[in-house]
Structures are given as C-alpha cells and as structure tokens.
Protein chains: 2
Amino acid sequence: MKIGEFANQLGVSTDTLRYYEKHNLLTPLTRTEAGYRDYGEASLKQMKFILRAKNVGFSLLEIKELLQIKFKKHQHSCHEVKDLTIQKRDLVAERIAELTRFHQSLSVLADKCCGGQEPADNCSILTTLEDIDGLT
Amino acid sequence: MKIGEFANQLGVSTDTLRYYEKHNLLTPLTRTEAGYRDYGEASLKQMKFILRAKNVGFSLLEIKELLQIKFKKHQHSCHEVKDLTIQKRDLVAERIAELTRFHQSLSVLADKCCGGQEPADNCSILTTLEDIDGLT
DNA sequence: CTTGACCTTGGTGTGTACTCTAAGGTTTAT
DNA sequence: ATAAACCTTAGAGTACACACCAAGGTCAAG
C-alpha cells in the first residue's frame with residue numbers, strides 16, 4: 001500500500017506518516033522499485049497502536065518509549081509500563097489542577113463584573129487585576 | 001531603576017522584560033544617557049497587572065488586549081472585558097474536559113496492569129493499546 | 001504521449017513564552 | 001587602570017506535532 005492510501009485509511013496526512021518515520025515511530029518495511037514507501041498489515045497495526053496511545057494522552061516521545069518496550073516485551077517488565085502510565089496520569093492530573101485554579105479565578109472575576117455596555121472605567125475585572133495580590 | 005534590579009524585584013528575568021517590551025506589553029518610559037532602560041513606579045504597577053493576569057491563565061496576547069482596554073477604559077465597555085474573561089474561562093474548561101478524558105483512560109489502563117516485575121509479554125496496558133478500538 | 005495524480009527529498013513555517021549567544025558599550029569598586 | 005558586573009542589540013534555539021512548499025521523478029488512463 002502506498003502512503004496516500006495508507007494515510008486515507010487511517011485518517012492522517014502523508015506528512016504525518018513521514019514525520020513519524022523520521023522520528024522512528026513507524027517505518028514501512030519495504031520500498032517499491034520507484035522508491036515509494038510500501039505499507040503492510042504490520043504498519044497498520046502499529047499505527048493503530050500509536051493513534052490509540054495518542055488518544056489516551058501520550059506524547060509521541062512517550063509513545064516511542066512504549067513501542068520500544070513493545071518490541072522487546074520480554075526484556076521489560078509490567079512495572080515499567082505501568083510506571084510510564086502512572087507518571088503520565090499524574091502529570092495530566094497536575095495540569096488539570098492548574099487549569100482548574102485558572103478556571104476558578106476566571107469565574108470569580110467574571111462573576112464580579114456586570115458585563116454591561118457602560119464604559120469600563122470601574123470594571124471590577126480590571127481593578128481586581130490591578131489591585132489584589134492574591135489570586136493564585 | 002535599571003532592568004536588573006527591576007527584574008529582581010519582580011522575580012522575572014531581564015530577558016523576559018525585554019521580551020515583553022518587544023511585544024508591547026511593557027515599555028519603560030525613559031532611558032538613561034547610556035541608553036539603559038529606566039523603570040519607574042508605573043512600570044512596576046503594570047508588570048504586576050501582567051503577572052496577575054498570567055496567574056489567572058491569560059496568555060500574553062490576551063493580556064495585551066486587556067492592557068489596551070485598560071489604557072483607554074472609557075472607550076471600552078465592561079461587556080468587552082467580561083467577554084474576554086468568559087471566553088478564556090470556557091477555553092480552559094474545554095481543555096480541562098479533554099485532560100479529564102485522558103486521565104480517565106490512563107487510570108483505567110493503570111488499574112488493569114499488575115505492575116509486577118515479570119516480563120511485559122502479556123501486559124494489559126500494551127494489549128489494550130494494541131487491540132481495543134474504543135478508548136476515546 | 002501527455003495529462004494529472006501520485007510519490008520523493010529537504011527544508012521552512014506555525015504558535016507560545018521565553019532563553020541563550022555574540023559582540024560590544026558602561027559603570028562601579030579596588 | 002582594570003576587572004567585575006552590569007547594560008545594549010539582533011538573532012538563534014527550545015519544545016511539540018505537524019503543515020506546507022519547491023523541484024523533480026513515476027505511474028495509470030485516455
């Protein structure tokens with residue numbers, strides 16, 4: 001299968017596939033005589049793995065680690081895989097916590113403001129940002 | 001006040017201050033004879049505004065908008081300010097929702113895996129990423 | 001046999017918020 | 001007088017995950 005058809009099947013761009021190849025996430029096993037990439041069943045499976053991993057929030061770098069483990073499963077332990085997963089989960093949790101603080105602060109600000117059409121001279125959002133030191 | 005002292009007082013780097021200046025967030029009013037930036041009380045206030053806005057999650061671009069409103073308060077309405085705030089809040093909420101989905105999926109994966117020292121040949125995390133199509 | 005759709009490589013551009021470097025001028029302390 | 005510590009500019013580099021482009025080769029249909 002050439003790159004275009006392969007990309008279509010997966011709903012990604014050919015650029016993406018070449019990018020993944022350059023970054024050692026997925027390399028087609030063979031090339032045609034003309035030098036075209038030739039993707040097969042194995043490539044399809046691997047791409048699906050990558051896309052699923054992306055869907056749960058892993059970065060491409062993390063996915064590369066997962067793939068290296070997957071390639072040599074018997075040389076790695078369940079522990080390693082679970083560790084990666086938990087590390088990622090905790091990182092995501094931290095980011096959620098930070099964004100939740102933002103959301104909270106923004107809600108407080110928004111609630112303070114009348115939102116009317118009058119000039120913003122006394123807008124409580126602006127004055128709060130000018131005056132208050134807290135708001136972490 | 002020269003840039004180094006000013007930066008120290010605020011806990012930011014001199015690079016950051018020059019970066020903000022280049023992007024029209026904060027420009028010191030005057031320069032010394034030698035061409036050094038000279039920061040005053042007004043700059044301090046404005047930097048505090050910027051840092052607070054950053055603390056609630058606004059991007060530098062959004063902060064620039066807020067500053068433009070702040071400079072000409074009577075030409076803008078409360079409505080505009082509240083709109084910016086609410087737009088940002090909703091954006092943050094979307095990102096939180098996405099990350100929460102990630103967190104959920106990662107938790108499910110982690111819970112499935114024993115995490116033991118045995119080889120990863122049958123690791124449920126890997127097999128789940130290989131096999132299952134759902135996991136959105 | 002030529003047109004159009006595909007493929008190749010290598011390189012640049014995007015957004016965000018800085019950080020770092022090079023090459024040089026200024027100020028302050030000894 | 002000279003070294004340390006500051007300042008200046010312009011420009012490049014970082015992370016991340018691609019998208020886009022140019023210049024050219026290849027393949028199937030009409």
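How many nonpolar, polar and charged residues has the surface near DNA strand D?

## Basis of the model

This is a predicted model, in which local features need pLDDT of at least 70 and side-chain atom pairs count only at pLDDT 80 or more, while totals for chains, interfaces and linings use all residues. Residues are numbered from 1 along each chain as its sequence is written, and chains are lettered from A and ligands numbered from 1 in the order in which they are written.

## Surface near DNA strand D

The surface near DNA strand D has six nonpolar, seven polar and six charged residues, where Ala, Val, Leu, Ile, Met, Phe, Trp, Tyr, Cys and Pro count as nonpolar, Asp, Glu, Lys and Arg as charged, and the others, Gly among them, as polar.

## Contact between chains A and B

Chain A and chain B each bring 50 residues to their contact, two residues being in contact if their C-beta atoms, placed from the backbone, lie within 7 Å. On the side of chain A that touches chain B, H5(A) gives the most, with 22 residues; helices are DSSP runs (H or I, at least four residues), numbered from the N terminus. This side of chain A has 24 nonpolar, 15 polar and eleven charged residues.

Leaving aside neighbours within four places in sequence, A:Val81 is in contact with A:Ile69 and, in chain B, with Cys113, Ala120, Cys123, Ile125 and Leu126.

Key. Helix = DSSP H or I, 4+ residues; strand = E, 2+ residues; numbered from the N terminus.
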